[in-house]
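Please walk through this protein with the model open beside the text.

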Amino acid sequence: MEGDGRIATGHVPHEGPGPSLQTPKCPAVPGVNQKRKALASAHLAALTLRYPERSLFILRKTNIVRRFCVLISHNSVFENFILFCILCNGVTLAMESNRKGFEHTSLGSALTKFEYLWMAIFTIEALMKIISMGFVYARGTYLRDGWNMVDFLVVVLSYVDIFASGNLTALRTVRVLRPLRAVTRIRGMKVLVSTMIGSMPTLIDVFVLCAFTFFICGLVGVQLFAGTLKYRCALPDFSHATTQQVGGRLQYSNVSYAIVDEEELCSGPLAEDVTWYLDTATGAPAPLNLPSGGAGRACPSGSFCTRQDSNPNHGMTSFDNILWAWLTIFQCITQESWTDVMYFTSDALTWWVWPFFVVLVVFGSLYIVNLALAVLFLQFSADNQEDKEDQRRRAVVEAAQRRHQQRRQQQELQQQE
């Protein structure tokens, strides 16, 4: 201590029982590495929140192998790599051929090697997920998810195809399910598929309404149009006809008819109602009675409406029985050439068939189809909202886990001091 009252620089030895002049210690603050460890632990806890405490009965959540598998299987780079492999596997499946000797060609050999590569990659992925999630015993395990069951089945059947002997063509076709695994990697596609599956109970009600519509319209169609679509305009042919004397006139029998146009339907005059006789004045056959042309399309003069064996569109458009009527109604509901069907029936019966087809298209095509779309839209909105809420809950849980981990880390550091 100098005369000017200033404290000399340097170390001042402690003398006597008085208080020390050393600088007091500041409260300990966790370092950067400790914060990173806390964040990583919180992130890992959030990822394994729905997983059981033990995987395969032996691996706890704190196990180094399980932690590694969890972090890798949930890594975005790893997920994008698996998605890329799935798409490439789809390309190689499309390039395969069943022609004889293809596996011995250079392309066939290359595709076989790629098949082993894809199988190894997908096997590693399945094993990492099994280690991370557990296999099947507890909730949240690997096989408790439907999409993971598809993945596991495809991987197992791939090994059966390789190591088993004999004709396993049916098992090889299971490989086409591999591209479906891309659905689980794309969130939007997964929501859409979940929407279709989740909306099935409600769509059953729509399906019952559609079946009731088919049944009622099919009965009406059979009652109105059965057998009417087989009539065509035809010209009489007397080359094979026979004659006999009836009532003082030479009358023709067994008169045949030649169809003029296979797609032109008619309602009259019906050939079966015409009686032919020999006109002595002209020396040519003439109709004894000429029936009316009906309420539909009448045949031109000299031709008559004759029944044949087939229906329009190579027999596909028909109301002869309830099954064919349902098929024709389905065609009308899809609006595929429904106007042609309406014109066929109007030519064969009457012009006033249009209300039946208008009601069928408006109610069946516009109302029922849009009702099914509305059900899918509502289910999609609900699933999408649920997915967003699930993501928000996960973010909240992860943040809470992170804060809890940080507080616990600070308490441990303070206890160590």
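Start at Pro269, which sits in the loop between β6 (256–259) and β7 (276–279). The model is a predicted one. Look at the peptide bond that joins Gly268 to Pro269: it is cis. Its omega is about -5°.

Two other loops hold a backbone feature of another kind. Go to His314, in the loop between β9 (304–307) and α10 (322–333). His314 is not a glycine, yet its phi is positive, at about 60°. Is His314 buried or exposed? Its relative accessible area is 81%, so His314 counts as exposed.

Phe57 also has a positive phi, near 70°, and is likewise not a glycine. Find Phe57 in the loop between β1 (54–55) and β2 (59–60). With a relative accessible area of 62%, Phe57 is exposed.

Phe57 leads on to a surface feature. Together with Leu56, Ile58, Phe135, Val136 and Tyr137, Phe57 forms a nonpolar patch on the surface. The accessible area of these residues together is about 660 Å². Phe135 comes from another part of the chain, the loop between α4 (106–133) and α5 (146–163). Phe135 has 31% relative accessibility, so it counts as partly exposed. The cut-off for exposed is over 50%.

Now turn to the annotated segments. An unreviewed UniProt entry lists residues 77–95, 116–138, 150–170, 191–222 and 352–378 under "transmembrane region". Take residues 116–138 in the model. The span is 78% helix and 0% strand. Its end C-alpha atoms lie 32 Å apart. Residues 352–378 are 93% helix and 0% strand. Here the end C-alpha atoms are 39 Å apart.

Next, pick out Thr213 in helix α9 (residues 200–225). Its relative accessible area is 8%, so Thr213 is buried. What lies 2.9 Å from a polar atom of the Thr213 side chain? It is the backbone oxygen of Leu209. Set aside the neighbours within four places in sequence, and Thr213 is in contact with Phe363 and Ile368.

Finally, step back to the whole protein. The secondary structure comprises 12 helices and 9 strands. Of the 417 residues, 31% are buried. Among contacts with a separation of 6 or more, 67% join residues 24 or more positions apart. The accessible surface comes to about 26,400 Å². Carbon and sulfur atoms account for 62% of that surface.

How values were computed:
Residues numbered from 1 in each chain as written. Predicted model: local features only at pLDDT ≥ 70, side-chain atom pairs only at ≥ 80, totals over all residues. Heavy atoms only, no water. Patch = residues over 30% accessible without salt bridge, like charges linked within 9 Å, V, L, I, M, F, W, Y side chains within 5 Å. Areas by Shrake-Rupley, 256 points an atom, 1.4 Å probe, with all protein chains shown as cover. Salt bridge = Lys/Arg side-chain N within 4 Å of Asp/Glu carboxyl O. Helix = DSSP H or I, 4+ residues; strand = E, 2+ residues; numbered from the N terminus. Buried < 20%, exposed > 50% of the residue type's maximum accessible area, 1.4 Å probe, protein only. Polar contact = N/O pair within 3.5 Å; in protein donor to acceptor, adjacent residues only side chain to side chain. Contact = heavy atoms within 4.5 Å. UniProt positions renumbered as here; feature names shortened; annotations may be inferred.
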